[in-house]
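Subject: Structure handover and findings

Hello,

Here is the structure I said I would pass on.

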Amino acid sequence: MLQKKNAVLVDGVILNGPIMDSKAGEKFVEEACKIIMEEVVQKADDVTEKVCEWQAPEKLKQILDLEMRDTGECHQKILQLCHDVIKYSVKTNHPRFFNQLYAGIDYYSLVARFITEALNPSVYTYEVSPVFLLVEEAVIKKMIEFIGWEEGDGIFNPGGSISNMYAMNLARYKFCPEIKEKGLSGLPRLVLFASEECHYSMKKAASFLGIGTENVYFIKTDERGKMIPEELEKQVQRARKEGSAPFLVCATAGTTVLGAFDPLDKIADICEKHGLWLHVDASWGGSALISRKHRRLLHGIHRADSVAWNPHKMLLAGIQCCALLVKDNSGLLKKCYSAEAAYLFQQDKFYDVSYDTGDKSIQCSRRPDAFKFWLMWKALGTTGLEERVNRALALARYLVEEIKKREGFQLLLEPEYANVCFWYIPPSLRKMEDGPEFWQKLHQVAPIIKERMMKKGSMMLGYQPHRGKVNFFRQVVISPQVSREDMDFLLDEIELLAKDL
C-alpha cells in the first residue's frame, strides 16, 4: 500500500482506503443469514425439534470456546460458532415454549428487526431517524386510541420495568415539579400504593428513584389476585394520618403469575377523590385492548394518567417493544425529562424541531422498537392482531377444561386471561391425606418435572410457589403457532415425566 500514489501514513497507520474487506463481510453476512433461516426461521413451527439442547454451564463454556484472543479467527470457525449459539440457545419461537410471558415468532416483526439492525439507527432526532420517529408517533397515536383517550403522549423504552419507573418519576414530577432542580432534600415523605401482586419493578423503581421501598404500600388482594379497593382507601388514609404525602397508585392489568386484572374503575374513583396519579401496569394485559371480546378486562383504563403496554408479549412484536403512554398532552414528558442538550436538540434547525422527540426520554441512544410493531400491524391489520388475542385465550380455556377432566391435575383458580396455574399430583400422592406432609411432597414435584423436560428438550414450562401455595405450574399461551395438539401434549408429557414420582 505504501507504493500507492498519494499514500498517507500517520502514526504508523496507513490511511488510504477502507480497513475492512467489504466483499468478505458481505459473504459472511449472506452465509450467516442462511444459517438463521435454516436453523431458526424454518424450524420455528417444527414440534419434533427440541426446545433446548440442555448443557450444564461448565460444559457449555467448553463447547462454545468463549475465550477472546489477540488474533481474529477465520470466517468458517465464526460461522460454526453462530450455528452452535443457535443450537444451544432456548428456542423461544418453539410451539412448546411456555416458560415466559413472551413466545413465538412473527415474521414481519423479524424482518423489521433485520432492517433496523442493518441500518443501526438511534431514535432521538428527525435528522438521523426520520422514518422511525414518524412510525413511533403513528403507533403511539393508535395505542392511545385503544386506551380510550382523545389525546396523549408516549415513548417506547427498554421494557415494562422502565415504563413503570418512567411513570413513577412522572407522577412525582407532577406532584412536585421543583424536584427536577432541587432534588429530594426538600420533599415530604412520599408514599405510593401498589397491589401485593404488582410487578417487582415497582420496588426497584422506588429504590432507584430515592423514594424507598418502605414507602411502597402494598395493598391486599382478593383470592383471585385483584387489588381490593376498600383496602386501598384505608392505606391512603393511613398515609395521610402519618403525615406522608401520597402521590401515586399503580394498578395492574394482568399480573405476572395469576393474570389478574385490578378493578380499574373503583381504583380510579379513589385516585380522583384523593388527587393521586393513576398508573396502570398493563405490560402483560394491555394487548387485550385489541380484542373486542376481551377488552372488558381493562374496563376503566381510560381513566388512567399513564399506562405501560408491551406489544412484545401477547402480540409477538419481538423483544423489546414496550410503550409508556401518558394521558397528558401538554408536554409533561418533555418537561420532566428534558435536559436541552445544545449539541443534539438545537432549536435553529431547518425543519420542525418538535419531531426531535429524544429529549423526553431518559435515554440518549434509543432503538426504533415501534417499527417492528408498526410493520406487523400494517401486515396483519387490527383484525389479525385481535385474532391472536382471541385464539390464545381460547386455547387457554381449552387447556383448563382438559385439566378438569384429567386425574392428578388440579387448577389453582379459574383464569380470566392466558395464565393457567395448576398442580400435577403424581399417583403416589393421590391417596395421601391433605396436610403439611402432602404439601411438602407436592412442593418437590414441579422442580423435578421441570428438570426432566429441560434435559429432554420436549418443552419449557414455568413453575413457582406463590403466596403460601407450594410450587405449581404456570402455563401461558401466546404464540399463534401453538395448537390444540400442543395443549394435549403438555398434559401428556407431564404425566409421562412424572410417572415414577
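This is a predicted model: local features need pLDDT of at least 70, side-chain atom pairs count only at pLDDT 80 or more; totals for chains, interfaces and linings use all residues.

Nonpolar cores

The largest nonpolar core has 109 residues. Those that touch the most other members are Phe 193, Val 280, Leu 298, Phe 373, Phe 422 and Ile 494. Helix 12, which spans residues 370-405, gives the most to this core, namely 14 residues. Both domain 1 (24-52 + 90-106 + 370-500) and domain 2 (122-367) give residues to the core, so the core lies between the two domains.

For a local view, take Val 280. Leaving aside residues up to four places away in sequence, Val 280 touches Ala 251, Ala 253, Leu 264, Ile 301, Ala 304, Ser 306, Val 307 and Ala 308. There is also a second, separate core of 32 residues, which includes Ala 206, Leu 209, Val 326 and Cys 336.

Helix 10

Helix 10 runs over residues 264-274, and its buried residues are Leu 264, Ile 267, Ala 268, Ile 270, Cys 271 and His 274. Viewed down the helix axis, the buried residues fall within an arc of 160°, so they line one face of helix 10. These buried residues pack against helix 9 (229-241), strand 7 (245-252) and strand 8 (277-282). On the face turned away from the buried side, helix 10 carries the exposed residues Lys 266, Glu 272 and Lys 273. Just after the helix comes Gly 275, with a positive phi of about 65°.

Aromatic pairs

The whole structure contains 19 aromatic pairs.

Phe 371 is buried, at 8% relative accessible area, whereas Trp 374 is partly exposed, at 27%.

In the pair of Phe 373 and Trp 377, the ring centres are 4.9 Å apart and the planes are at 35°, so the pair is tilted. An α-helix has 3.6 residues a turn, so residues three or four places apart point the same way. Phe 373 is buried, with a relative accessibility of 0%, and Trp 377 is buried, with a relative accessible area of 10%. Phe 373 is also one of the residues that touch the most other members of the largest nonpolar core.

Elsewhere, Tyr 126, Phe 350, Tyr 351 and Tyr 355 form one aromatic cluster.

Cysteines

How many disulfides does the structure hold? The count is 0. Cys 176 is in no disulfide, and the nearest cysteine sulfur, that of Cys 336, is 11 Å away. Cys 176 is buried, with a relative accessible area of 7%. For Cys 421, the closest cysteine sulfur is in Cys 198, at 17 Å, which is too far for a bond. Cys 421 also counts as buried, at 2% relative accessibility.

Regards

Notes: Residues are numbered from 1 along each chain as its sequence is written. Side-chain values use heavy atoms; hydrogens and water are left out. A nonpolar core is a set of buried Ala, Val, Leu, Ile, Met, Phe, Trp, Tyr and Cys residues joined through side-chain atoms within 4.5 Å. Buried means under 20% relative accessible area, exposed over 50%, partly exposed in between (1.4 Å probe, protein chains only). Helices (H or I, at least four residues) and strands (E, at least two) are DSSP runs, numbered from the N terminus. Domain bounds come from an automatic or database domain assignment. Contact means heavy atoms within 4.5 Å. A disulfide is a pair of cysteine sulfur atoms within 2.5 Å. The arc is that of the directions from the helix axis to the C-beta atoms. Rings of Phe, Tyr and Trp (its six-membered ring) pair if their centres lie within 6.5 Å; planes under 30 degrees apart count as stacked, over 60 as edge-to-face and the rest as tilted.
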